[in-house]
Each structure stands twice: as C-alpha cells, then as structure tokens.
Amino acid sequence: MELWDAYDRELNKLGGVTLVRGEEVPDGMYHLVSEVIVKHTYGEFLLMQRAPTKHFGGMWEATAGGSALCGESPLDCARRELLEETGLSGEFTRIGTAVHDGHRSIYAEFLCITDRDKNSVQLQPGETAAYKWVGFEKLKSMEAELASVRCLHSYYEYGESNGNNQI
C-alpha cells in the first residue's frame, strides 16, 4: 500500500491526513507529484518511451516522475523517481508548480542537469521501454507527439525568465 501526504492547493501539508494510492482524494485535498526534465551538460534532453502497458503506452515523454511518498519533499521525490526510472542523478532546479484539480494533484516541476554517461540510462521495467537524447529544436518539434507537455512549458517559461530558452 502506497501512502501519500495530503496538501492544500497552495502546497501546504495537511497534518494528520494520509492518503492511500487508489483511493479517492477528498475534496479540497491534493497529493504531490514530482516531474523532472533531464538535460545533459552537452545540451541534449532525455526522452523516454512509455511501456506499452502504461497509459499512453508507446508515447514519448520528456519527464520522469511520480507521486511523493509520505514524508518525502518535492525534491526528494524528484531525485528518487529519476533514479528509479533512469538510474541518473544530477543538479536539480525547481522550475514550476502546477495544480491539476481533476486529478487532485500538485505537480512540482524540476530541471535536472546531468553529466552522466548518456549510454548509462537504466530503463525501469514496466515503466519505460526505450530512451533517446534529442537537441532543443528537436524537443520543441516533437511537442505534439509527447504524452505530457505541462512541465516542458514550465521549462520554456523558466528559460525565458532567465534570459535563455535553452538554459
């Protein structure tokens, strides 16, 4: 059984409330999800293909991520999820937060800059089927083919606010 902390819409933890994966999240409460875009120090971005058995199976996505476990901070969750799904680590920067009322989720969005060997990506069985590294222009051109683009848009906004879309 996977347990989550409960949060309000502003990402304040609601003390004494534990949510259970698979059970409905009560009105006015949210669970935390961390998403990570991975950029190599050489400039390419990591794309992962979703396993065929997953929702949006076979589609590519520009993020790794998942739900935060009880007691996990957004950054701790991002680091764990990236390591589980890719075997990679690096330097993390928070680039955005998004609320999804329909799923009662709050997404903490991160950029991870890594210098790890690009061939050392380790796919997580049942989650990812393949990976590839692409340049910024290719990433932008593939946007319509990606399973989710919310975090990618936060990355663009983060780059614009720092004077550089490609960071």
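**Close-up views of a predicted model**

**View 1. A network of salt bridges links Glu-72, Arg-80, Glu-81 and Glu-84.** In this predicted model, the side chains of Arg-80 and Glu-84 meet with an N to O distance of 3.2 Å. Both residues belong to helix H1, where they are 4 residues apart and thus separated by about one helical turn. Glu-84 is partly exposed, its relative accessible area being 36%.

**View 2. A salt bridge joins Lys-118 to Glu-44, with 3.0 Å from N to O.** Lys-118 lies in the loop between E8 and strand E9 (128-134), whereas Glu-44 lies in the loop between E3 and strand E4 (45-50), so the pair ties together parts that are 74 residues apart in sequence. Lys-118 is partly exposed, with a relative accessible area of 22%, and for Glu-44, also partly exposed, the value is 22%.

**View 3. Arg-116 and Asp-115 form a salt bridge in which the closest N and O atoms are 3.1 Å apart.** Arg-116 is partly exposed at 36% relative accessible area, while Asp-115 is exposed at 53%. The whole structure holds 12 salt bridges.

View 4. Two or more lining residues come from each of strand E3 (31-40), strand E6 (64-67), helix H1 (74-86) and strand E8 (105-114). By class, 7 lining residues are nonpolar, 12 polar and 12 charged.

**View 5. Strands E1 (residues 3-7) and E2 (residues 13-20) run antiparallel and are joined by 4 bridges.** Tyr-7 stands opposite Lys-13 in E2, and in the hairpin, which has 5 residues between the strands, Leu-11 adopts a positive phi near 70°.

Technical notes. Residues are numbered from 1 along each chain as its sequence is written. This is a predicted model: local features need pLDDT of at least 70, side-chain atom pairs count only at pLDDT 80 or more; totals for chains, interfaces and linings use all residues. Side-chain values use heavy atoms; hydrogens and water are left out. Two strands pair if DSSP finds at least two bridges between them. Ala, Val, Leu, Ile, Met, Phe, Trp, Tyr, Cys and Pro count as nonpolar, Asp, Glu, Lys and Arg as charged, and the others, Gly among them, as polar. A salt bridge is a side-chain nitrogen of Lys or Arg within 4 Å of a carboxyl oxygen of Asp or Glu. Buried means under 20% relative accessible area, exposed over 50%, partly exposed in between (1.4 Å probe, protein chains only).
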